[in-house]
Amino acid sequence: KTFTKWVNKHLNKAGSGVKDLFQDLRDGRKLLTLLGMFTADKLRPERGRMRFHFLQNVETALKCLARHKVKVVNIHPEHIVDGNPKITLGLIWTLILHFQISEI
C-alpha cells in the first residue's frame, strides 16, 4: 500500500494513478509516465495491447533507468508484465531510492 501511495502521489500530477500496483504497471504505460516525470525524457509507449507491446514498453523503461545510471539487478520485462509482486516492488523500491531518497 505504501508503494502504491508513492506511485499515485507522482502519477496524480499527470492525471493518472494506480489501484493495483501489480496489474496496473503490467502494460508499461504508467511506468513510462512515471519515469518521464522523473527524468524529463520523452518516453512514448507502444500503441498496441498485446503482450509484445507490453514487453516493449517495460524494456523502454528499463533502458531509460540504465541511461540514468539506476541499477536494476535481475529485473526483466517479463517479470513486470507477468505481474510478479516481488520484482515489481523491488523496481518501485529502486525508483524510490534513486529519485526520492537521493534528493534528500
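Mentor: Start with Asp27 and Arg49, which form a salt bridge with their closest N and O atoms 3.3 Å apart. Keep in mind that the model is predicted.

Trainee: Why is the pair of Asp27 and Arg49 called a salt bridge?

Mentor: The cut-off is 4 Å between a side-chain nitrogen of Lys or Arg and a carboxyl oxygen of Asp or Glu. The closest N and O atoms of Arg49 and Asp27 are 3.3 Å apart, so the pair qualifies.

Trainee: What makes this a link between distant parts of the chain?

Mentor: Asp27 sits in the loop between α2 (21–24) and α3 (29–39), while Arg49 sits in the loop between α3 and α4 (51–67). They are 22 residues apart.

Trainee: How do you know whether Asp27 is buried or exposed?

Mentor: Buried means under 20% relative accessible area. Asp27 has 13% relative accessibility, so Asp27 counts as buried.

Trainee: And what makes Arg49 exposed?

Mentor: Its relative accessible area is 54%, and exposed means over 50%.

Trainee: How many salt bridges does the structure hold?

Mentor: It holds 3. Another joins the side chains of Arg67 and Asp41, at 3.5 Å from N to O. Arg67 is in helix α4 and Asp41 in the loop between α3 and α4, 26 residues apart.

Trainee: Why is Asp41 called partly exposed?

Mentor: Partly exposed lies between the buried and exposed cut-offs, 20% and 50%. Asp41 has 23% relative accessibility and therefore counts as partly exposed. Arg67, at 52%, counts as exposed.

Trainee: What ties Arg51 to Asp82?

Mentor: Their side chains meet in a salt bridge, at 2.8 Å from N to O. Arg51 lies in helix α4 and Asp82 in the loop between α5 (77–81) and α6 (85–100), so the pair ties together parts that are 31 residues apart in sequence. Arg51 has 40% relative accessibility and counts as partly exposed; Asp82, at 47%, also counts as partly exposed.

Trainee: What does the side chain of Thr94 reach?

Mentor: It reaches the backbone oxygen of Gly90 at 2.9 Å.

Trainee: Which residues is Thr94 in contact with, leaving aside its neighbours within four places in sequence?

Mentor: Val70, Lys71 and Val72.

How values were computed. Residues numbered from 1 in each chain as written. Predicted model: local features only at pLDDT ≥ 70, side-chain atom pairs only at ≥ 80, totals over all residues. Heavy atoms only, no water. Helix = DSSP H or I, 4+ residues; strand = E, 2+ residues; numbered from the N terminus. Buried < 20%, exposed > 50% of the residue type's maximum accessible area, 1.4 Å probe, protein only. Polar contact = N/O pair within 3.5 Å; in protein donor to acceptor, adjacent residues only side chain to side chain. Contact = heavy atoms within 4.5 Å.
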